[in-house]
Amino acid sequence: MNILAIDSSAAQGGSVSRILVDHALALLLQAHPGATVVRRDVGAAPTPHLTPRNLAGVRGVPSTPCEMAARALSDELIDEARAAHTILIGAPMYNFSLPTDLRGWFDYVLRAGETFRYSEAKPQGLLGGKRVIEEQYRQAA
Ligand SMILES: Cc1cc2nc3c(=O)[nH]c(=O)nc-3n(C[C@H](O)[C@H](O)[C@H](O)COP(=O)(O)O)c2cc1C
């Protein structure tokens, strides 16, 4: 079993979502002692924002070095997601939504024809059969 754990908090010390991911990972490893874990910290190392310079790396045909670098990162993140049986996402709430760095991860992983496809009715996921656990934390009101 392969587990992909994603951290997206901008905070390091004292990050509650990281503690929740640690806890969920410990439980998963207890249940699957031989599991391999890849931990991707997009809070500490965010994907570059999509701009006119790199956009074709994730949506189009890359040709410039900047576009090729975006494609290479997108391929790497997609490979990690594809190889995972379980994806564990640490998702703190930032301004009533998810952190931009987690949204950035989705921008690089969602590529038409690779991880989803358009259909008449609605977009269809192509990675299928994965368990996704979202550890969300927000301050109590
Ligand atoms: C920039 C920012 C925006 C936040 N916005 C919200 C919010 O809209 N609603 C909420 O309940 N908590 C909000 N919080 C509180 C966080 O969800 C909470 O502190 C959480 O623990 C952050 O995750 P972390 O501990 O892993 O860093 C916000 C925190 C930050 C830093």
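This is a predicted model: local features need pLDDT of at least 70, side-chain atom pairs count only at pLDDT 80 or more; totals for chains, interfaces and linings use all residues.
**Fold, ligand shell and aromatic pairs**

User: What box do the C-alpha atoms fill?

Analyst: Roughly 45 × 30 × 30 Å, taken along the principal axes.

User: How many helices and strands are there?

Analyst: The protein contains three helices and six strands. Along the sequence they follow the pattern β-α-β-α-β-α-β-β-β.

User: And what share of the residues is buried?

Analyst: Buried residues account for 36% of the 141 residues in the protein.

User: Switching to the ligand. Which residues come nearest?

Analyst: Ser9, Ser15, Val16, Ser17 and Asn95 come nearest, out of 14 residues around the ligand.

User: How does that shell split by class?

Analyst: Seven residues of the shell are nonpolar, six are polar and one is charged.

User: What does the side chain of Ser15 do there?

Analyst: One of the polar side-chain atoms of Ser15 lies 2.6 Å from an oxygen atom of the ligand.

User: Which backbone atoms are involved, say at Met93?

Analyst: A polar backbone atom of Met93 is 2.8 Å from an oxygen atom of the ligand. At Asn95, a polar backbone atom is 2.8 Å from a nitrogen atom of the ligand.

User: How much of the ligand's accessible area does the protein cover?

Analyst: The protein covers 72% of the 620 Å² that the ligand has on its own.

User: New topic, aromatics. How many pairs does the count come to?

Analyst: Two aromatic pairs. In one of them, the rings of Trp105 and Phe106 have their centres 5.0 Å apart.

User: Why is that pair edge-to-face?

Analyst: The planes of Trp105 and Phe106 are at 75°, and planes over 60 degrees apart count as edge-to-face.

User: What about Phe116 and Tyr118, how are their rings placed?

Analyst: Their ring centres lie 5.1 Å apart and the planes of Phe116 and Tyr118 are at 85°, so this pair is edge-to-face.

User: Is Phe116 buried or exposed?

Analyst: Phe116 is buried, because its relative accessible area is 13% and buried means under 20%.

Conventions
Residues are numbered from 1 along each chain as its sequence is written. Side-chain values use heavy atoms; hydrogens and water are left out. A residue is near a molecule or strand if one of its heavy atoms lies within 4 Å of it. A polar contact is a pair of N or O atoms within 3.5 Å; within protein, one must be able to donate a hydrogen and the other to accept it, and residues adjacent in sequence count only if both atoms are side-chain atoms. Accessible areas come from the Shrake-Rupley method with a 1.4 Å probe; for residues, only the protein chains shown count as cover. Ala, Val, Leu, Ile, Met, Phe, Trp, Tyr, Cys and Pro count as nonpolar, Asp, Glu, Lys and Arg as charged, and the others, Gly among them, as polar. Rings of Phe, Tyr and Trp (its six-membered ring) pair if their centres lie within 6.5 Å; planes under 30 degrees apart count as stacked, over 60 as edge-to-face and the rest as tilted. Buried means under 20% relative accessible area, exposed over 50%, partly exposed in between (1.4 Å probe, protein chains only). Helices (H or I, at least four residues) and strands (E, at least two) are DSSP runs, numbered from the N terminus.
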